[in-house]
Amino acid sequence: MNEQYTLFQPKNILSVSQLTSYLRQLLESDEILQDIWVQGEISNFSQPSSGHLYFTLKDSDSAIRCVMWRNTAARLKFSPRDGMAVEVHGSMSVYEVSGQVQLYLDTMRPAGEGVLYQEYLRLKAKLEAEGLFDPERKRPIPQMPKVIGIVTSPTGAALQDMLNTIQRRFPIASVVLAPTPVQGSKAPPGIVNALKRINQESNLDVILIGRGGGSIEDLWAFNDEGVVRAVAASTTPVISGVGHETDFTLTDFAADVRAPTPTAAAEIATPDRIELLGVIAEFINQHTILMSEKISDLRWEHGQLQNNLDRLSPAHQIDTYRQRLDELTHRLDRAVQANLERKKLQLENFQQSLRGLNPKAVLQRGYAIVTRHEDGSIVKNVEQVQPDDYVHIKVNQGAMDARITQIDTGEA
Amino acid sequence: MEKEELQAIKDMDFETAFKALQENINKLEGEELSLEESLKRYQRGQALARHCAELLEKAESQVRTLDMESKQTLENEE
């Protein structure tokens, strides 16, 4: 009775907006409902041009509306569709326009993927502990392969990408393909078999293993323990190129080199033709430079030898003698000249002395020559004359006769 | 250049010719060679470089598919 009464006499009447708003606050303040994983099956899936995803997640008894905004949806690695079992994560809220309680998704993955991922981590840890991924195991990749082995699907885009890359960069290398399925249950034994088979080939320089991008399940064969062990056991170095840049498989860890894509794997295996042609052009250039250096060296050497030869030649000897002859002649001339000068000087001295001895010169200096009148003999001594003797006195510019009047003996 | 040597170069695979080309430069660079020998080396280098370039220009990558003993059905659909 009381309840009935309350219903007819409400204390507070809410508007619809107030109700949905209250409901929304309630849901958004609940910690569990804001961080929740749910699994179920997709139905009523739609993705309008806005890019947002809308669907109903259901199980045998119940259903709930789900929304995933465009930005989040763009990061999905698979295409959701009706009937697909998925695990989703997100937060509960109310779409107030219709009063619809909805799950707003930030993550969605195919059901079972979480289990797969756990398995992946377990296997990775195990093989890592065994040393299969050790850096010391990695072998160098030959720079100029003659034969490149490829382990992939014969019908996949990855094969075409790898072949095109090899043809474009280094068509000199030939390719041996070991065809194998790369997804599905037959992929792991197929890949193991292909690796064994291709390793029996002689002259194989490197093996490319891979496939194009796909969902995690598509790539899963490359996480198979047998496949990973076969890659690690390969006697020929292996380059892996599985899926896209962001996909890391255990095969990548076991390979000698991990490439982000099949194309990149083929690029790592091959030198680039254009670069090689550049190197060859540079080699030709070096040849030419070395050759012209050689020639100029030889020309210089030749010049040196020519000089040596010139020095040793008879013509040079003759020139040497001619020069010495010139020198000697010159010295002779100088000696003769000097001698002549000396003689001339001597002669002048003689002349000087001679001039002193000339009687005339004596007379000029005031001396006189006295001769006896009788016999004309020169009076050199007072004893040759007597008083009253007549003498002839010759002086400068003339002579005279005189008579001796007195004789004094002794010093004049 | 002698016919035999030219033929020997033409018979070389790319890697051999490329290495011989590098080697040839080292010889031309490092050794005391007579003019005649240098000229021979020079001509040899030219021939090697020409051969390498020709191999690169003309090559078509050959693809051989191994016959897998155990028959696998190919169910790849990329």
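Predicted model: local features only at pLDDT ≥ 70, side-chain atom pairs only at ≥ 80, totals over all residues.
## Chain A overall

Chain A has 412 residues, and 35% of them count as buried. Its secondary structure comes to 12 helices and 13 strands.

Contacts in chain A with a separation of 6 or more are 58% between residues 24 or more positions apart. The chain exposes about 25,600 Å². Carbon and sulfur atoms supply 53% of that area.

## Negative surface patch

Five names make up one negative surface patch: A:Glu293, A:Asp297, A:Glu301, B:Glu29 and B:Glu32. Both chain A and chain B contribute to the patch. Helix H10 of chain A, residues 273–312, gives the largest share, with 3 residues.

B:Glu29 sits in helix H2 of chain B, which covers residues 14–30. The relative accessible area of B:Glu29 is 48%, so this residue is partly exposed.

## A:Arg273, a buried charge

Helix H10 of chain A also holds A:Arg273. This arginine is buried and has no salt bridge. The nearest side chain of opposite charge belongs to B:Glu57, 5.0 Å away. A salt bridge needs the charged atoms within 4 Å.

Which residues does A:Arg273 contact, leaving aside its neighbours within four places in sequence? In chain A they are A:Gln167, A:Arg168, A:Arg169 and A:Pro171. In chain B they are B:Leu56 and B:Glu57. B:Glu57 is thus in contact with A:Arg273, yet A:Arg273 has no salt bridge.

Conventions
Residues numbered from 1 in each chain as written. Chains lettered and ligands numbered in written order. Heavy atoms only, no water. Patch = residues over 30% accessible without salt bridge, like charges linked within 9 Å, V, L, I, M, F, W, Y side chains within 5 Å. Areas by Shrake-Rupley, 256 points an atom, 1.4 Å probe, with all protein chains shown as cover. Lys, Arg positive; Asp, Glu negative; His and termini not counted. Charge placed at Lys NZ, Arg CZ, Asp CG, Glu CD. Helix = DSSP H or I, 4+ residues; strand = E, 2+ residues; numbered from the N terminus. Buried < 20%, exposed > 50% of the residue type's maximum accessible area, 1.4 Å probe, protein only. Contact = heavy atoms within 4.5 Å.
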